[in-house]
Amino acid sequence: MATASEQDLPYDVFSRACPSRATLEHVTGRWGSLTLGALYEGTFRFNELRRRVDGVSEKMLSQTLHALERDGLVHREAQPTNPPRVDYELTPLGREVAERLLALIRCVEGRMDDVLAARHRYDEARAEESPSR
């Protein structure tokens, strides 16, 4: 059996016309990645999810959920109750993507001391290069 590196992949995210670009944008954008990460913890109702993803507006969360649902990463379950209850959860594909995304999130969180130190060095170097007023 051929490995992934030995076969031609049908999609190329580096190609302008590739549809995988839109999905990558949905997954790696700020609200998409945070939404997928939150849903990895379990099923959420809309307002629960909005509280979990601190800072997201109702409109942006709604747009994000629609995009992730369209891409097959999120399942939306509407209960015929009064008032209506809507739950969101990851699909199997969404769980796989979220697992990989969470590995990246954990890496970034775990290396924030290094990132902050690098920012500090960068800002100091820039300040020294700028002409004083």
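In what order do the three strands of the open sheet stand, and is their pairing parallel or antiparallel? The order is 1-3-2, and the pairing is antiparallel. Two strands pair if DSSP finds at least two bridges between them. Helices (H or I, at least four residues) and strands (E, at least two) are DSSP runs, numbered from the N terminus.

The model is predicted: local features need pLDDT of at least 70, side-chain atom pairs count only at pLDDT 80 or more, and totals for chains, interfaces and linings use all residues. Residues are numbered from 1 along each chain as its sequence is written, and side-chain values use heavy atoms, with hydrogens and water left out.

The edges of the sheet are strand 1 (44–45) and strand 2 (74–79), each of which pairs on one side only. Strand 2 and strand 3 (residues 85–90) run antiparallel and are joined by six bridges. A hairpin of five residues connects strand 2 to strand 3. Across this pair, Q79 stands opposite R85 of strand 3, and R76 stands opposite Y88 of strand 3. In a regular strand the side chains alternate between the two faces of the sheet.

Helix 2 lies across strand 1, strand 2 and strand 3, and runs at about 95 degrees to strand 3. Axes here are lines fitted to C-alpha atoms, for helices over the stretch in contact, and angles run from 0 to 180 degrees between N-to-C directions. Helix 2 is mostly covered, with eight of its ten residues buried. The buried residues are W31, G32, S33, T35, L36, G37, A38 and L39. Buried means under 20% relative accessible area, exposed over 50%, and partly exposed in between (1.4 Å probe, protein chains only).

Two packed helices are described by the angle between their axes and the distance between the axes. Helix 2 (residues 30–39) packs against helix 4 (residues 58–70) at an angle of about 75 degrees, and their axes are 10 Å apart. Helix 2 is therefore roughly perpendicular to helix 4. In this classification, angles under 35 degrees count as roughly parallel, over 145 as roughly antiparallel, 65 to 115 as roughly perpendicular and the rest as oblique. On the helix 2 side the contact is made by W31, G32, T35, L36 and L39, and on the helix 4 side by M60, L61, T64, L65 and L68. Contact means heavy atoms within 4.5 Å. The contact of helix 2 with helix 4 has seven nonpolar, three polar and no charged residues. The classes are nonpolar for Ala, Val, Leu, Ile, Met, Phe, Trp, Tyr, Cys and Pro, charged for Asp, Glu, Lys and Arg, and polar for the others, Gly among them.

T35 is in helix 2, and counts as buried because its relative accessibility is 0%. Not counting residues up to four places away in sequence, T35 touches L49, V53, L61, T64, L65 and L68.

Helix 2 also packs against helix 5 (residues 92–110), at an angle of about 110 degrees and with the axes 9 Å apart. Helix 2 and helix 5 are therefore roughly perpendicular to each other. Here S33, L36 and G37 of helix 2 meet V97, A98, L101, L102 and I105 of helix 5. By class, the contact of helix 2 with helix 5 has six nonpolar, two polar and no charged residues.

The axes of helix 1 (residues 20–28) and helix 2 cross at roughly 65 degrees and come within 4 Å. That makes helix 1 roughly perpendicular to helix 2. H26, V27 and T28 of helix 1 meet R30, G32, S33 and L36 of helix 2. The residues of the contact of helix 1 with helix 2 are two nonpolar, four polar and one charged.

A17 is in the segment before helix 1, and counts as exposed because its relative accessibility is 73%. A17 and D54 are 37 residues apart in sequence and 34 Å apart in space, C-alpha to C-alpha. D114 lies in helix 6 (residues 112–129) and is partly exposed, with a relative accessible area of 40%. The side chains of D114 and R111 are joined by a polar contact of 2.6 Å. A polar contact is a pair of N or O atoms within 3.5 Å; within protein, one must be able to donate a hydrogen and the other to accept it, and residues adjacent in sequence count only if both atoms are side-chain atoms.
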